[in-house]
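The sequence and coordinates come before them.

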Amino acid sequence: MPSSSPATEQRLLGEFAHDCYAKALLLLEMAPYHEEQDERGAMLSTAAELLVKAEADEKAFANACSDSHEIGRASCRERV
């Protein structure tokens with residue numbers, strides 16, 4: 001089994017901290033390189049949580065865009 005590099009893992013996790021999808025993918029790729037089952041499980045659980053959060057963020061963003069689009073249409077009608 002290849003070994004993991006904690007310094008590299010921390011650097012990559014820091015670089016992708018702002019992107020839930022990228023961080024989840026990184027955790028999924030890193031997990032098999034950790035020998036401890038509990039550690040692998042924690043990484044996979046965190047990845048799953050990040051994917052759920054990313055989906056919720058996407059839905060919230062889509063709703064906000066939809067709402068602002070409706071507001072824009074309403075104000076256009078008011079001008080006519």
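## Salt bridges, a patch and a helix pair

Lys-59 and Glu-55 are separated by about one helical turn because they are four residues apart in helix H3. Helices are DSSP runs of H or I with at least four residues, numbered from the N terminus. This is a predicted model, where local features need pLDDT of at least 70, side-chain atom pairs count only at pLDDT 80 or more, and totals for chains, interfaces and linings use all residues. Residues are numbered from 1 along each chain as its sequence is written, and side-chain values use heavy atoms, with hydrogens and water left out.

Q: What is the N to O distance in the salt bridge of Lys-59 and Glu-55?
A: A salt bridge is a side-chain nitrogen of Lys or Arg within 4 Å of a carboxyl oxygen of Asp or Glu. The side chains of Lys-59 and Glu-55 meet in one, with an N to O distance of 3.7 Å.

Q: Is Glu-55 buried, partly exposed or exposed?
A: Buried means under 20% relative accessible area, exposed over 50%, and partly exposed in between, with a 1.4 Å probe and protein chains only. Glu-55 lies in helix H3, residues 37-79. Its relative accessibility is 42%, so Glu-55 is partly exposed.

Q: Which helix gives the most residues to the nonpolar patch?
A: The patch covers about 430 Å² and is made by Tyr-21, Leu-25, Leu-28, Leu-44 and Leu-51. Patch residues have over 30% relative accessible area and no salt bridge; like charges are joined within 9 Å, and nonpolar side chains (Val, Leu, Ile, Met, Phe, Trp, Tyr) within 5 Å. Helix H2 (20-30) and H3 each give two or more residues. The most, three residues, come from H2.

Q: How are H1 and H2 oriented to each other?
A: Helix H1 (residues 6-15) and H2 pack with their axes 9 Å apart, at an angle of about 160 degrees. Axes are lines fitted to C-alpha atoms, for helices over the stretch in contact, and angles run from 0 to 180 degrees between N-to-C directions. Angles under 35 degrees count as roughly parallel, over 145 as roughly antiparallel, 65 to 115 as roughly perpendicular and the rest as oblique. H1 and H2 are therefore roughly antiparallel.

Terms used:
Areas by Shrake-Rupley, 256 points an atom, 1.4 Å probe, with all protein chains shown as cover.
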